Amino acid sequence: MADVNLKEITLIVGVVTACYWNSLFCGFVFDDVSAILDNKDLHPSTPLKTLFQNDFWGTPMSEERSHKSYRPLTVLTFRLNYLLSELKPMSYHLLNMIFHAVVSVIFLKVCKLFLDNKSSVIASLLFAVHPVHTEAVTGVVGRAELLSSIFFLAAFLSYTRSKGPDNSIVWTPVALTVFLVAVATLCKEQGITVVGICCVYEVFIAQGYTLPLLCTTAGQFLRGKGSIPFSMLQTLVKLIVLMFSTLLLVVIRVQVIQSQLPVFTRFDNPAAVSPTPTRQLTFNYLLPVNAWLLLNPSELCCDWTMGTIPLIESLLDIRNLATFTFFCVLGALGVFSLRYSGDASKTVLMALCLMALPFIPASNLFFPVGFVVAERVLYVPSMGFCILVAHGWQKISTKSLRQNKL
């Protein structure tokens, strides 16, 4: 694993500072009011244990009106800000900017697992300045994304060290990974999705399997014509331990929210209360909408509620073509990355995982959320997008260099 040098760190921190320096002079807006100004959990007079009994907005988790957003470690950092400057917003924005710089530096280290040094720096710089991060960095409540991402990436980097000589299992990094996943989840719920990324990394990157090879091995084993290789058994053991630990975290999380999902109104998410097929067509269309925000962040919005994106009520709606195109492109990239074992396919696979898996909790596909589109939830998925862009740049620059030599 390549190290990150001081020159690269200085460059990234400088770029982040130049982009977000003006945020230091912003106030509290939108959700900041509920999470900061109206949240009694920030006050020193409130018992510290209350942070672990209330949701992100200071409402007891047992109450029906609670949003069930359990992020006590993020609220703890708000409380530290309050101790330093009470309700003066500058310290809150400064800490957000610092956290974004830290995420960008750790992301550079992750990029070096799959890209060359120059392409890794390009991916990290693109991540540092991507306009879609404005809400997550400038909005104080976006700290949940920033803080969770630090431990999200740290958990993944820890897991990459769990493969020892002769394909043996190094259990210390696995245990550290589980701990960091738990911490990331206590900052924001999507932190738990790093487990899926670790599983994909283990099977297709660390072990070098491809989907055809896995299918062939499984087919032979089921027909009694072969046995499972020892290396594959070790992989299964490691993944079972990781998944069992994750399942335990999920069970605890379900108990914390009293086994109840939050209730949202038509104002928050109109498609969630719409009939079939409007609900399905609209939710699937939101996927290319979010992808387009990563590709062309020219029309960002602070509040995508109500009619900002009209519902799709018919199969004949022209916007369904965007949904179809999106899934075709995603499917083509997925087939390429799973079928072949080269470095390019591995890079594409990890980029797709970073884009897709952390976005699942906010996708509305499995359970409704309290928004139509929220740019802050694209903070982690944008990492996969930045890797894809840098990988494409690497391929184009390498091809141009070869042509010049000829």
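Contact here means heavy atoms within 4.5 Å. The model shown in every view is predicted.

**View 1**
T193 sits in the loop between α8 (171–187) and α9. With a relative accessibility of 11%, T193 counts as buried. Once neighbours within four places in sequence are set aside, T193 is in contact with F152, L357, P358 and P361. L176 lies 17 residues from T193 along the chain, and the C-alpha atoms of the two are separated by 16 Å.

**View 1. Helix α9 packed on helix α14.**
Two packed helices are described by the angle between their axes and the distance between the axes. Here the pair is α9 (residues 194–206) and α14 (residues 343–356). Their axes come within 10 Å and cross at roughly 165 degrees. Angles over 145 degrees count as roughly antiparallel, so α9 is roughly antiparallel to α14. The crossing of α9 past α14 is right-handed. On the α9 side, the contact is made by I197, V200, Y201, F204 and I205. On the α14 side, the residues are K346, L349, M350, C353 and L354. Sorted by class, the contact has nine nonpolar residues, one charged residue and no polar residues.

The domain assignment of the chain gives domain 1 as 161–257 and domain 2 as 261–405. Their C-alpha centres lie 25 Å apart. Domain 1 puts twelve residues into the contact, and domain 2 puts in 14 residues.

**View 2. The cis peptide bond between T276 and P277.**
T276 and P277 are joined by a cis peptide bond. Omega is about 5 degrees. P277 belongs to the loop between α11 (230–256) and α12 (278–295).

**View 3. N320, a buried residue of helix α13.**
N320 is placed in helix α13, which covers residues 320–339. The relative accessibility of N320 is 15%. Buried means under 20%, so N320 counts as buried. Beyond neighbours within four places in sequence, N320 is in contact with L281, I312, S314 and L315.

**View 4. F30, a loop residue with positive phi.**
F30 lies in the loop between α1 (6–20) and α2 (31–37). Phi of F30 is near 50 degrees, a positive value in a residue other than glycine. F30 has a relative accessible area of 55% and is exposed.

**View 5. E86, a loop residue with positive phi.**
E86 is in the loop between α3 (72–85) and α4 (89–111). E86 is not a glycine, yet has a positive phi of about 50 degrees. With a relative accessible area of 51%, E86 is exposed.

**View 6. P44 in the loop between α2 and α3.**
P44 is found in the loop that runs between α2 and α3. Its relative accessible area is 48%, and P44 is partly exposed. Leaving out neighbours within four places in sequence, P44 is in contact with R79, Y82 and L83. R71 is 27 residues from P44 along the chain. The C-alpha atoms of P44 and R71 are separated by 18 Å.

Definitions and conventions: Residues are numbered from 1 along each chain as its sequence is written. This is a predicted model: local features need pLDDT of at least 70, side-chain atom pairs count only at pLDDT 80 or more; totals for chains, interfaces and linings use all residues. Side-chain values use heavy atoms; hydrogens and water are left out. Axes are lines fitted to C-alpha atoms, for helices over the stretch in contact, and angles run from 0 to 180 degrees between N-to-C directions. Helices (H or I, at least four residues) and strands (E, at least two) are DSSP runs, numbered from the N terminus. Angles under 35 degrees count as roughly parallel, over 145 as roughly antiparallel, 65 to 115 as roughly perpendicular and the rest as oblique. A crossing is left-handed if the near helix is turned anticlockwise from the far one by less than a right angle, and right-handed if clockwise. Ala, Val, Leu, Ile, Met, Phe, Trp, Tyr, Cys and Pro count as nonpolar, Asp, Glu, Lys and Arg as charged, and the others, Gly among them, as polar. Buried means under 20% relative accessible area, exposed over 50%, partly exposed in between (1.4 Å probe, protein chains only). Domain bounds come from an automatic or database domain assignment.
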